[in-house]
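Me: I have a two-chain model open and want to talk through how it is put together. Can you take my questions one at a time?

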Amino acid sequence: MSFINYASREINCKIVYYGPGLCGKTTNLQFVYQKTAPDAKGKMISLATETERTLFFDFLPLSLGEIRGFKTRFHLYTVPGQVFYDASRKLILKGVDGVVFVADSQEERIDANIESLENLRINLKEQGYDLDKLPYIIQYNKRDLPGAMSVEELRRELNPTNVPEFEACATTGEGVFETLKAVAKLILVDLKKGK
Amino acid sequence: MSNPTLVMYDEEFQEVNEVIGRLLKEANAKVIFLVDKNGQLISGVGETERFDTTSLASLTAGNIAATGGLAKLIGEKEFSILFHEGEKDNLHISIVGGRVILVVLFDNRSSLGLVRLRVKKSSEELSAIFEKLMTKSVEREKRGASDFPFAEITDDDIDNLFS
């Protein structure tokens, strides 16, 4: 749910990075944070455990620039990927405008990907959203690892509806901005439709 | 969609700022800000420049969401007031009209009792303003008027953001 402020001429949107544990959601945000000019970003907040696993969420505010005199701001959130943090994941999906599903390309994680994607659908539905109607992008992460499945196989398992998809290696940053731009664009196009 | 987009107009924005500006004085607070339940900062008054208000807004909403989850687990609808006591500064967080979050930061020049009392009064006024905003949005929607300044943007406008 975007927030449009005519008084300060701002539009704020919320993007959530979803996916199984250790798939690279936080790494995506960290790369965006590192590569964004200081004046375009706020502080990145990570609510993580001592072993750097996401406990509640990561948060990164970005301002992209102006469209027709309105400042466009995107708030990027990640969810905790570990299965038992489901209650927290639901909370973070509140008011979401666009979703990035970060899939772990490694063969041994395919079941975790499927389970997480299923969980995303269910949790969205509980909030009254339909994944098929939301701006939604899939990122196949960890393409550099030797155990990575082919994109065709991943697509068959995870992207039956053919949403836009990107290959990525979040540690080096490959595909990270492409993913972000794509989802931001989908959100703006959605807003344009006056939904 | 489960929640309509929150739209803030100049008129209501000023009204909101008047109410929280008055609350700031009456409660002897340092900073007051209003946050959407989704973590978007709506407005702030007082020494706002000393704080990272964007982060504060996001964490406040996370906090309210988490305690709301706890409330449901024990059979409560929500916890409408949260209070965090620090060594010097304290935070009084309350839900206004079921939809927005009012955050009051104060130190020992004020007291919890005073803040609670003043917040209660201001909450009613804020509730009324947000109620009015919602009605306005619904009416506009019925008339078919778009709330979006976005209706006329082109694909090029969007692409330019990323160049």
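Me: Among contacts in chain B between residues at least 6 apart in sequence, what share join residues at least 24 apart?
Reply: 53% of them do. A contact here means that the C-beta atoms of two residues, placed from the backbone, lie within 7 Å. Before going on: this is a predicted model, where local features need pLDDT of at least 70, side-chain atom pairs count only at pLDDT 80 or more, and totals for chains, interfaces and linings use all residues. Residues are numbered from 1 along each chain as its sequence is written, with chains lettered from A and ligands numbered from 1 in the order in which they are written.

Me: OK. How many helices and strands in chain B?
Reply: Four helices and six strands. From the N terminus the order is β-α-β-β-α-β-β-β-α-α. Helices (H or I, at least four residues) and strands (E, at least two) are DSSP runs, numbered from the N terminus.

Me: What does the C-alpha trace of chain B span, and how much of the chain is buried?
Reply: The trace spans about 50 × 40 × 30 Å along its principal axes. Of the 163 residues, 35% count as buried. The cut-offs: buried is 20 or more other C-beta atoms within 10 Å of the residue's own, exposed is 12 or fewer, partly exposed is in between, with C-beta atoms placed from the backbone.

Me: Now the sheet. What is the strand order in chain B?
Reply: S3-S2-S6-S5-S4, five strands in an open sheet with antiparallel pairing. S3(B) (41-46) and S4(B) (81-85) are the edges, each pairing on one side only. The twist averages 15° from one strand to the next. Two strands pair if DSSP finds at least two bridges between them.

Me: How many bridges between S2(B) and S6(B)?
Reply: Six, in the antiparallel sense, between residues 31-36 and residues 100-106. Ile32(B) stands opposite Val104(B) there.

Me: Which helices sit on those strands?
Reply: H1(B) lies across S2(B) and S3(B), at about 40° to S3(B). H2(B) packs on the sheet too, touching S2, S3, S4, S5 and S6 of chain B, and its direction makes about 60° with that of S2(B). Angles run from 0 to 180 degrees between N-to-C directions, and axes are lines fitted to C-alpha atoms, for helices over the stretch in contact.

Me: How do H1(B) and H3(B) pack?
Reply: At about 175°, with axes 10 Å apart. That makes H1(B) roughly antiparallel to H3(B). The classes are roughly parallel under 35 degrees, roughly antiparallel over 145, roughly perpendicular from 65 to 115, and oblique for the rest. The contact residues divide into eight nonpolar, one polar and six charged. Ala, Val, Leu, Ile, Met, Phe, Trp, Tyr, Cys and Pro count as nonpolar, Asp, Glu, Lys and Arg as charged, and the others, Gly among them, as polar.

Me: Switching to the interface. How many residues of each chain are in contact?
Reply: 35 of chain B with 37 of chain A. H2(B) gives the most to the chain B side, eight residues. That side has 17 nonpolar, twelve polar and six charged residues.

Me: Which strands pair between the chains?
Reply: S1(A) and S1(B), parallel, over three bridges. Phe3(A) has Leu6(B) as its bridge partner.

Me: Which residues touch the most other members of the largest nonpolar core?
Reply: Ile32(B), Val35(B) and Val104(B), in a core of 93 residues. Helix H5(A) (residues 176-192) gives the largest share, nine residues. A nonpolar core is a set of buried Ala, Val, Leu, Ile, Met, Phe, Trp, Tyr and Cys residues joined through C-beta atoms within 7 Å.

Me: And chain A: why is H1(A) described as largely enclosed?
Reply: Because eight of its eleven residues are buried. Among them are Leu29(A), Phe31(A) and Val32(A). The cover includes S2, S3, S4, S5, S6 and H5 of chain A.

Me: Is S5(A) mostly covered or mostly open?
Reply: Mostly covered: seven of its nine residues are buried. S5(A) runs parallel to S2(A), with eight bridges, and antiparallel to S4(A), with nine bridges. In the hairpin of S4(A) and S5(A), Arg68(A) takes a positive phi near 45°.
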